[in-house]
Amino acid sequence: MQKLESNVVLSPTDLANHLACKHLSWLNYHSLYGGARPSKNDDELTEILQQYGAEHEATYFAALSEQLAAVNRTIVNLDIDRDPDAPYSVAALRERAALTAQSLSDGPNALYQPTFFSEDGGIAWVGRADFLVPTDVASLLGNYSFEPEDTKLARIAKVNAVLQLCSYAEQLTKLQGIEPEFIHVVTGSAKEGKVTIRLSEVSAYFRHVKKNLQQAVIDKFEGPSEPVPVENCNMCRWNKDCAQWWRERDHLSYVAGLLNGHRETLVSHGITTLAQLATSPDDLSVPEFEDETLHRLRRQAQLQYNTRVAKQANPAALPETEFILPIKDFRGFNMLPTPNAGDLFYDIEGHPYRGDEGLEYLHGFSWKEADGTLKYHEIWAHTPEEERQALLDVIAFINKRRSIPGFEEMRVYHFGHYEPSALRRLSTRYATAETELNSLIRQRVFCDLSRVVTQAMRIGVESYSIKKLEQLYVFNRTDLVADGGLSIVYYEKWLQSINNGGFGPEGDTGG
Ligand code: SF4
């Protein structure tokens, strides 16, 4: 969203933002008129993703060029003379849009990076499609017309991409006189490839979202707006600002396991903060909740509140915890097998955008030797071939350990469902080791400690992620890799440092 002369200029990204979070549009709009600016800038992970996006686009450009050359057509690159540092002005946008219109009339060659720009009553729409590809359907242009195609790193055609393409299709319709029949998302998955969608099946939804956003702009986003945590928050440039807003208000969303629906219900009963829920009377009645749900949420809030008070007195205080009783069969601690000297602790690091289907680049195992020393075994993969081999090596490593006398009943502990799911995915992708892997899963060799913890205990923390729970078993993290996104950044840096080649150190290491 931008303001140019008297126009508010919207783009397809604003449609996707509005769909993801109305408060995001509200913040963006008011920042145009002197309101706050977002605190967060693009981070290293965003830059890496942009780089992968550019590579994906370049690969498709080459493939499309080849395809068109076979029918004596080409791609006209409208980005080639665009000055990225030129001031962003209405005049410049009109000029770029005129170039698009002219290029469409010139003949049935594909266009790369065509700009669209339209103005209507103080609201303008700007957009730059990746490609407009010619079809043999006649239009005002002649015996041909165009359909928009966009390259996306995502493995599936997401709603954002579809809205974006609908927006280009709408602008294109004005120029060629007919609606394109199809829009196309060139996904980042070699398997999915290009996903083609019939425009008539999605255009009503696009018009609904667009009308909604335009009306909000016409109404000048009047009235207050409050942030509500949504899936998009992790990716949002306002997330620090919203997090501060929530923190200042002791927002209910900080209660672990409390969903937006729970929060709305509690607010309707006058409970708006974590502290209010924690200190609510035992006979609190919320008819919309089942007793078990209300008890769970109140106890969770109380443990977090008590932990907060304890930490104010002593910052080193540990979170307050309690067991969930009675322990039911096949739940919580009843899922834990008998400890075995051969037990392994397992973690995978994956890179969702490397290669055609993502890359599980590191499998790490740790265990305790009889003398108490900790050992670590790492299995690296930097190519699909190595990834396949890593799957075989992981299974061989586990089976070899199970064959050691006394270790037959050993287990592989992991936190969350990612590890077994990733192994299954690799086994299917490479059509290998399915029998061996199924055998390990059937024999319950893998044990998810996250399920054990969440079914067995309540803990005074805002999230039951392993990073938040480390303090309970006094694990002092000395490395800098605090989350999965950062591990991708470090892996990328390492790849660059060895000029995109080579292998990670292998073998057992102490510690
Ligand atoms: S951080 Fe979340 S709530 Fe705040 S504007 Fe962004 S998406 Fe909306």
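Me: Which residue just after H6 takes a positive phi?
Reply: This is a predicted model, and the backbone just after helix H6 has a positive phi of about 60°. The residue with that angle is Lys-220.

Me: How far apart are the end C-alpha atoms of H6, and what span should its residues give?
Reply: Helix H6 covers residues 199-218, which makes 20 residues. At 1.5 Å a residue, taken over one less than the number of residues, the helix should span 28 Å.

Me: Which residues of H6 are buried?
Reply: Burial requires 20 or more other C-beta atoms within 10 Å. The cover over the buried residues of H6 includes strand S2 (7-10), helix H1 (12-20), H2, helix H5 (159-176), strand S9 (182-186) and strand S10 (194-198). The buried residues themselves are Leu-199, Phe-206, Lys-210 and Leu-213.

Me: Why is S9 described as largely enclosed, and which residue of S9 is the bridge partner of Thr-151?
Reply: Four of the five residues of S9 are buried, so the rest of the structure largely encloses this strand. S9 pairs with strand S8 (residues 145-151) in the parallel sense, over three bridges. In S9, the bridge partner of Thr-151 is Val-186.

Me: Which residue just after H2 takes a positive phi?
Reply: Within H2, the buried residues are His-23, Leu-24, Ser-25, Trp-26, Leu-27, Asn-28 and Tyr-29. H1 and H6 are among the elements that cover them. Just after H2, a positive phi of about 95° is found at Gly-34.

Me: Which helix gives the most to the shell around the ligand?
Reply: The ligand is surrounded by 13 residues, the closest being Cys-21, Pro-227, Cys-233, Cys-236 and Cys-242. At least two shell residues come from each of helix H2 (22-32) and helix H7 (239-248). With three residues, the helix that gives the most is H2.

Me: How many charged residues does the shell around the ligand have?
Reply: Domain 1 (2-218) and domain 2 (238-321) each provide at least three residues of the shell. By class, the shell comprises ten nonpolar and three polar residues, and the number of charged residues is none.

Me: What distance separates the centres of domain 1 and domain 2?
Reply: The protein chain is divided into domain 1 (2-218), domain 2 (238-321) and domain 3 (338-443 + 477-510). Taken over C-alpha atoms, the centres of domain 1 and domain 2 are separated by 42 Å.

Me: How many residues does the contact take from domain 1, and how do they divide by class?
Reply: The contact between these domains takes four residues from domain 2 and six residues from domain 1. On the side of domain 1 that touches domain 2, the residues divide into four nonpolar, one polar and one charged.

Me: Which residue in the hairpin of S13 and S14 takes a positive phi?
Reply: Strand S13 (residues 359-368) and strand S14 (residues 374-380) run antiparallel and are joined by seven bridges. Trp-367 stands opposite Lys-375 in S14. The hairpin has five residues between the strands, and the residue with a positive phi near 90° is Gly-372.

Note on methods. Residues numbered from 1 in each chain as written. Predicted model: local features only at pLDDT ≥ 70, side-chain atom pairs only at ≥ 80, totals over all residues. Near = placed C-beta within 6 Å. Nonpolar A, V, L, I, M, F, W, Y, C, P; charged D, E, K, R; others polar. Domains from an automatic or database assignment. Contact = placed C-beta atoms within 7 Å. Buried ≥ 20, exposed ≤ 12 C-beta atoms within 10 Å, placed from the backbone. Pairing = 2+ DSSP bridges.
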